[in-house]
Every structure is written in structure tokens, then in C-alpha cells.
Amino acid sequence: MKNKILTGIILTALPFIYLALVYNSLPGMVTINYTIHGHPGDTAPKSQTILFIGLLSFLTLAVFLTLSFVHKLVPKLASAANRGRLQNITLAVTVFLVCIQ
């Protein structure tokens, strides 16, 4: 169990590590969204990227922990066969959320 939680914490820390590596090379203002035509929409100071990454990482960790302990919340999912599937789903969802950050 501790190993699984440690994996989730490491996965949610990856965006912070990446941001730390590229932060100095970011321009002063970064685009935060794009229009439907692919043109930049709004911009924000690069210091706000820390806030965005922090919020998204917190939500990713919350989803990870919720999915990790869902077998305790829903007794029907507590069987050994379902637990393995739930661990795979938890890992897949967490990796997906980290990738879209």
C-alpha cells in the first residue's frame, strides 16, 4: 500500500519537476488557452504556471487517492479480482491526468 501511494506522489510531482527544468526558458507571458482556430487566446504571467500546475497536481492526487481506496468505500469492489483491475485503472487514470497537465 505504501509503495502504491509513493508511486502516486511521484507521478503527481513529475509536472513540478518538468516546470522547474523549463521555467527559466519560458517567456514572461505564456498562453493559457487557444481558440478553436489554433490562435492564442489568453495569456498569463509565467509565475501563474506554478499555481495551475499545483492545482492540477492536487486534483490528480485526490483522484489517485480516491480510486486507490474505492474498494474500502464500495464493498462489492473488495474482491481480489476487482482489486487488481482497480489498481490498473487507478494507474492509467493518474498517468493520463499527469500527461494532460
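**Exercise 1. Is Thr12 buried or exposed, judged by its relative accessible area?**

Solution. The model is predicted.
- Step 1: locate the residue. Thr12 sits in helix α1, which covers residues 2-22.
- Step 2: read its accessibility. Thr12 has a relative accessible area of 6%.
- Step 3: apply the cut-off. Buried means under 20% relative accessible area. Thr12 is therefore buried.
- Step 4: find its partners. Setting aside residues up to four places away in sequence, Thr12 touches Ser57, Thr60, Leu61 and Val98.

**Exercise 2. Find the helix that holds Thr90, then state its burial and its contacts.**

Solution. 
- Step 1: Thr90 belongs to helix α4, residues 80-100.
- Step 2: the relative accessible area of Thr90 is 4%. The limit for buried is under 20%, so Thr90 is buried.
- Step 3: leave out neighbours within four places in sequence. Thr90 then contacts Phe64, Leu67 and Ser68.

**Exercise 3. Describe the setting of Gly38 and its separation from Gln101.**

Solution. 
- Step 1: Gly38 is in the loop between β1 (29-31) and β2 (43-45).
- Step 2: its relative accessibility is 49%. Exposed requires over 50%, so Gly38 counts as partly exposed.
- Step 3: count along the chain. Gly38 and Gln101 are 63 residues apart. Between their C-alpha atoms the separation is 18 Å.

**Exercise 4. Work out the overall build of the protein: which elements does it have, and in what pattern?**

Solution. 
- Step 1: count the elements. The protein has four helices and two strands.
- Step 2: read them along the sequence. The pattern is α-β-β-α-α-α.
- Step 3: check the box. Along the principal axes, the C-alpha atoms fill roughly 50 × 30 × 15 Å.
- Step 4: turn to burial and surface. Buried residues make up 22% of the 101 residues. The protein exposes about 7100 Å², and carbon and sulfur atoms supply 71% of that area.
- Step 5: consider contacts with a separation of 6 or more. Residues 24 or more positions apart account for 52% of them.

**Exercise 5. Which element has the lowest mean pLDDT, and which the highest?**

Solution. 
- Step 1: take the whole protein. Its average pLDDT is 83, and 93% of the residues score at least 70.
- Step 2: Helix α3, residues 70-73, has the lowest mean pLDDT, at 77. Strand β2 has the highest, at 88.
- Step 3: Where pLDDT is low, predicted coordinates should not be read in detail.

Conventions:
Residues are numbered from 1 along each chain as its sequence is written. This is a predicted model: local features need pLDDT of at least 70, side-chain atom pairs count only at pLDDT 80 or more; totals for chains, interfaces and linings use all residues. Side-chain values use heavy atoms; hydrogens and water are left out. Buried means under 20% relative accessible area, exposed over 50%, partly exposed in between (1.4 Å probe, protein chains only). Contact means heavy atoms within 4.5 Å. pLDDT is the predictor's confidence in each residue, from 0 to 100. Accessible areas come from the Shrake-Rupley method with a 1.4 Å probe; for residues, only the protein chains shown count as cover.
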